[in-house]
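Work through the two exercises below with the sequence and coordinates at hand, and try each task before reading its solution.

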Amino acid sequence: MTDRKKPRIRAEFRKSYDGRKRKRDFTRDLDDHRQKVDDLASGERLSGKGRLTRKRTVAGTLDDSTGSGFQVDLAVDESKALRGRVVKVFGLSSIVRTEAGEWSCSVRGLLKSLATDLQHTVVAGDHVTILPTAGATLEGTIARIEPRRNAICRTSRGKQQILVANIDQVLIVASAAEPDLKPNLVDRFLLSAEKSHMQPVIVINKIDLVAPESQIQLVGAWSQLGYPVLQVSAATGQGMERLHDLLRGRDSVVSGQSGVGKSSLLNAIQPGLARRIGNVSAENQKGRHTTTTAELIPLECGGHLVDTPGIRSMQLWDVSAAEVEGFFRDLRPFANRCRFPDCTHTHEEQCAVKSAVADGLIDLRRYDSYCQIRSDLD
Ligand code: GDP
Ligand code: ZN
């Protein structure tokens, strides 16, 4: 379907949401994951064609590259079209920011019928093409949604719900003390980020309360896996410059347990930011805008911050016990060398992962974290 000469897709399709089968073939799971990451990296797209029921043919291409819902790319009259970014969706209406301002947009009829199975045809973060409505001011129709680079999803009542798309990174905020640093919780957040194909950034706040050197081993282990770790203090300003640099020009999601200082950090970056973010969450919780998934809040330094209550807690939606090893970068290289193909790396003999832990090739704390997360999901 990546072939531009094949612009035929079938309308009225149905996506099968049985993709989370708990396969016993762990290596295959792992390979699938790798393949997905490779595909993302190379910009190739997977086709969802095999799972369609064929009904009607329209011009366009269809794509399910990130497993985050089918992307529909329809022919549009480019001379009248504007490109923009969806910053918020409520009900059937979306706010789309373009160079020419913020537009209130509905979704083109055909796009809707193509996606009847999806709860959100358009989500915050989507890059879209809009057609201005003749005679109206800043009103238009979303005619095309660009393929999503990534998405934070959850499944509710058997249907996949996309909360936000095309995000650059997720800030995993923890605190050095008050509350104490919980490395295993950080590992859980890391797993969620991996699952969503998002770059995690670990931010350890309240570093003023401890000696930064006391965290060398922990910080070293995460850094070695390629996760950036920042030690900061919203109170003293320590490390804040680097955090600011990381946010500049990027779209970031903020996660972390309550009390670690997320609001304080946001306000230190841009006065009043925490209140704006808090409002989004409060509205959602009261159910006033039950279909609002997220809002992209612009940063003065460029880029956006995104927050919804669901994202803040980054629960392990849809992660099966068997998938966990694939999301642990440090276990992955060993996981398919075990004696048993369905090895869980907990109680089995001749387990390459356990040998690697014994040989000091895998951090013991990370391994403990793996075992704990796995047993919680079993
Ligand atoms: P949130 O729940 O994650 O948004 O956390 P808050 O921003 O509300 O902060 C929780 C508490 O931690 C507040 O009492 C803050 O004053 C305090 N706090 C936040 N950042 C720091 C910091 O860098 N150092 C110290 N010592 N306290 C902090
Ligand atoms: Zn094993």
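A polar contact is a pair of N or O atoms within 3.5 Å. The model examined here is a predicted one.

**Exercise 1.** Determine which residues are closest to ligand 1, and which polar backbone atom lies 2.8 Å from an oxygen atom of this ligand.

*Solution.* Begin with the shell: 15 residues surround ligand 1, and the closest are D208, G259, K262, S263 and S264. Sorted by class, this shell has four nonpolar, eight polar and three charged residues, and its largest share, three residues, comes from helix α6, which spans residues 262-269. Next, turn to the backbone: a polar backbone atom of K262 is 2.8 Å from an oxygen atom of ligand 1, one of G259 is 2.7 Å from an oxygen atom of the ligand, and a backbone N or O atom of A234 lies 2.9 Å from a ligand oxygen. Finally, consider the surface: ligand 1 taken alone exposes 580 Å², of which the protein buries 66%.

**Exercise 2.** Identify the protein donors of the zinc ion (ligand 2), and explain why their arrangement is classed as it is.

*Solution.* Lastly, check burial: H345 is buried because its relative accessible area is 0%, and C351 is buried because its value is 3%, the limit being under 20%.

Methods: Residues numbered from 1 in each chain as written. Chains lettered and ligands numbered in written order. Predicted model: local features only at pLDDT ≥ 70, side-chain atom pairs only at ≥ 80, totals over all residues. Heavy atoms only, no water. Near = heavy atom within 4 Å. Polar contact = N/O pair within 3.5 Å; in protein donor to acceptor, adjacent residues only side chain to side chain. Areas by Shrake-Rupley, 256 points an atom, 1.4 Å probe, with all protein chains shown as cover. Helix = DSSP H or I, 4+ residues; strand = E, 2+ residues; numbered from the N terminus. Nonpolar A, V, L, I, M, F, W, Y, C, P; charged D, E, K, R; others polar. Donors = N, O, S within 2.8 Å, 3.2 Å for Na, K, Ca; no water. Tetrahedral: all angles 85-135°; square planar, octahedral: opposite > 155°, others 65-115°. Buried < 20%, exposed > 50% of the residue type's maximum accessible area, 1.4 Å probe, protein only.
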